[in-house]
Amino acid sequence: MQLKKPYLKNYPDEKGYFGKFGGSYIPPQLIEPFLEINEAYTKLSKDFTFINELKYIRKHFQGRPTPISFAKNLSKMVGGNIYLKREDLNHMGAHKLNHCMAEALLAKHLGKKKLIAETGAGQHGVALATAAAYFGLECEIHMGEVDIKKEYPNVTRMKILGAKIIPATKGLKTLKEAVDSAFESYLNDTKNSMFAIGSVVGPHPFPKMVRDFQSIIGFEAKEQFLEMTGRLPDMVTACVGGGSNAMGIFSAFIDDDVKLYAVEPAGCGDKIGENSASLTYGKEGIMHGFNSIMLSDEKGDPAPVHSIASGIDYPSVGPEHAFLFSQKRTNIGLCSDDEAVDAFYKLSRMEGIIPALESSHAVAFALKYAKEHKDEAILVNLSGRGDKDIDFVIENYPLSNS
Ligand SMILES: *Cc1c(COP(=O)(O)O)cnc(C)c1O
């Protein structure tokens with residue numbers, strides 16, 4: 001099947017389907033509230049006041065546009081051409097604020113008083129707490145008790161930013177239980193609160209809405225790359241957990257003759273529980289309110305997953321990624337834990353940029369790819385900075401062998 005152009009206007013359809021992927025599989029009580037969000041977004045996305053407010057925030061609060069840097073030493077080492085879109089320079093150090101500020105602005109326009117979300121490693125929680133503080137909204141973050149212990153620095157950040165942390169104490173006390181707990185709280189007060197999802201996942205309209213909010217990465221990058229080099233990149237790559245930073249940079253290039261590589265975490269092996277490469281090893285299924293490709297066990301429940309980078313260890317993937325891959329518009333790159341750490345050190349020591357472990361997956365793949373495609377220009381989305389990962393890396397992967 002040929003994709004209809006312009007792609008962004010034609011996908012998803014009005015029910016939130018990208019081909020057979022996406023949609024909205026939610027309990028009846030949630031249908032109304034999500035419809036309200038969808039209608040508000042559809043209207044506000046064409047409203048000049050909303051668009052201008054968002055532009056102002058991006059420029060004067062987030063520090064956009066983020067630059068593109070040519071990674072000259074890494075390029076020289078592999079004999080290729082690697083460019084980095086610097087989302088690590090976004091306020092708070094990652095791309096997540098791009099959609100959190102917009103979701104909070106939407107909540108403000110809807111007259112909501114509170115933002116509710118779940119968080120795994122705490123990255124989404126920190127970004128949302130930042131947005132809530134900016135807009136004077138309450139912020140309630142649901143987090144598994146196990147994750148609260150594991151990700152303490154992010155819990156502290158959220159507290160300092162004024163968010164209320166609700167520990168999820170049932171079951172395994174991690175992300176899944178946090179999602180359930182957040183939905184329960186949201187259902188109790190849909191009038192005054194808005195649910196804010198942290199990636200291009202969940203029921204319609206979130207995969208579309210979050211993609212649209214993140215597409216600023218791609219549109220900036222396209223213009224900047226043209227200005228820097230006089231041409232488009234040959235290949236664009238990004239790491240994929242839920243897939244928001246990847247969709248953000250891919251969006252601007254889907255209609256162009258540019259290769260797109262979504263990099264999945266190959267973790268430490270190809271068995272269930274050793275990786276979180278959903279598109280590589282998964283199958284079709286419904287989870288968290290949408291149809292996509294997921295890693296599941298024999299019963300069809302989400303499988304245990306692993307990645308060294310806690311922002312990308314998700315057992316499914318945004319429906320648009322499942323669709324674009326099924327249509328052969330995107331390709332998959334794989335990167336193991338060890339390769340990610342190697343890239344983490346290389347980028348730090350050779351370019352003076354400490355990347356997030358998530359982003360290191362995309363860098364590692366770009367290095368492998370560049371060696372085999374020396375004449376191509378490669379654009380990597382550097383989704384975030386690595387300050388949050390330094391203690392973990394230095395304790396578990398001592399410097400001497402890098
Ligand atoms: C959360 C996070 C990711 C993964 O999220 P996507 O929705 O897949 O982009 C990647 N990089 C960083 C720095 C993150 O914080």
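1. Five helices, α1 (7-10), α2 (28-44), α3 (48-62), α10 (206-214) and α11 (216-229), each contribute at least two residues to the lining of the second largest pocket. Helices (H or I, at least four residues) and strands (E, at least two) are DSSP runs numbered from the N terminus. A pocket is an open set of points on a 1 Å grid over the protein atoms alone, where a 1.4 Å probe fits, with protein on both sides within 12 Å along at least five of seven lines; lining residues have an atom within 4 Å of a point.

2. The model is predicted: local features need pLDDT of at least 70 and side-chain atom pairs pLDDT 80 or more, whereas totals for chains, interfaces and linings use all residues. Numbering runs from 1 along each chain as its sequence is written, and side-chain values use heavy atoms, without hydrogens and water.

3. The lining of this second largest pocket comprises 39 residues, with Tyr41, Ser45, Asp212, Ser215 and Phe219 nearest its centre. By class, 16 are nonpolar, 7 polar and 16 charged, with Asp, Glu, Lys and Arg counted as charged, Ala, Val, Leu, Ile, Met, Phe, Trp, Tyr, Cys and Pro as nonpolar, and the others, Gly among them, as polar.

4. Elsewhere, 6 strands form an open, mixed sheet in the order β3-β4-β14-β9-β10-β13. Its edge strands, β3 (68-70) and β13 (330-336), each pair on one side only; pairing requires at least two DSSP bridges between two strands.

5. Within the sheet, β4 (residues 81-86) and β14 (residues 377-382) are parallel over 6 bridges, and lysine 85 stands opposite asparagine 381 in β14.
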